[in-house]
Amino acid sequence: MGLTLNTNSLTVASSGGSSGASGVSTSDVTTLIKSNTPYQHIATLTANSSSSLEFTSLPSEYRTFRIIYDALRGNVNQYLRIRLYFDGSLHGSNNYRYGGTEKSTTSTSNYDTTSTYWGIVYNYEMGVGHPIVGFTEFTGNDGLTRPQMYSNTAWRYSSFTRSSRIGGYIDDGSSNMVTGFTLFPSSGNFSRGSIKVYGLVKNES
């Protein structure tokens, strides 16, 4: 019996010319792969003079989501920010609490603040044309806990190497379902690159 790799699954070929494979099905193999893969790819959003990268239909089967930055860069020096969608509506209230540490080549900034967004790049700008690398994760897609965020990224500005490690949460006492997000720069556009969106498999018995 043979296995054929498709875009998101495997096809199990029939054995010995029979009409079906013996002992294992395509569904069995796909389920096995998913149950042993922590993150499932949901979407790829590609920048092309984009004022934001937005996804508004996060699957309810995941509680935690990860955004991986794939050579994302801007057309001007800029900071990077994110807002969430709650039950289909963009949440822009001043209760995004976040803080942590940002480092540049010669200095370090520790902060704790509240805004209408989470500042993924908050204190030291991303340099024009230089990509950001790393990831941002957020939770809250179960209607039971307040959304939380963790982000670990690095980028360049001129000849300076910069990095950030921050965490945050929504400080409003609610437990809304997170259905989407919008990632946007403080000024200018995203000129090139992309982001990959993944959901963390629950794997609960």
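Leaving aside its neighbours within four places in sequence, which residues is Ser 194 in contact with?

## Ser 194 and its contacts

Counting contact as heavy atoms within 4.5 Å, Ser 194 meets Thr 44, Leu 45, Thr 46, Ala 47, Ile 68, Tyr 69, Asp 70 and Leu 72, with neighbours within four places in sequence left aside. This is a predicted model, where local features need pLDDT of at least 70, side-chain atom pairs count only at pLDDT 80 or more, and totals for chains, interfaces and linings use all residues. Residues are numbered from 1 along each chain as its sequence is written, and side-chain values use heavy atoms, with hydrogens and water left out.

You'll find Ser 194 in strand E15 (residues 190-200); strands (E, at least two residues) are DSSP runs, numbered from the N terminus. Ser 194 is buried, at 6% relative accessible area. Buried means under 20%, exposed over 50% and partly exposed in between (1.4 Å probe, protein chains only).

## The nonpolar core

A nonpolar core is a set of buried Ala, Val, Leu, Ile, Met, Phe, Trp, Tyr and Cys residues joined through side-chain atoms within 4.5 Å. The largest one here has 37 residues, and Tyr 69 and Leu 72 are among those with the most contacts inside it. Strand E10 (residues 118-126) gives the most to this core: 5 residues.

Not counting residues up to four places away in sequence, Tyr 69 touches several others, including Ile 132, Val 133 and Ser 194.

## Over to Ala 154

Ala 154 sits in strand E12 (residues 148-157) and is partly exposed, at 25% relative accessible area.

Methods. Helix = DSSP H or I, 4+ residues; strand = E, 2+ residues; numbered from the N terminus.
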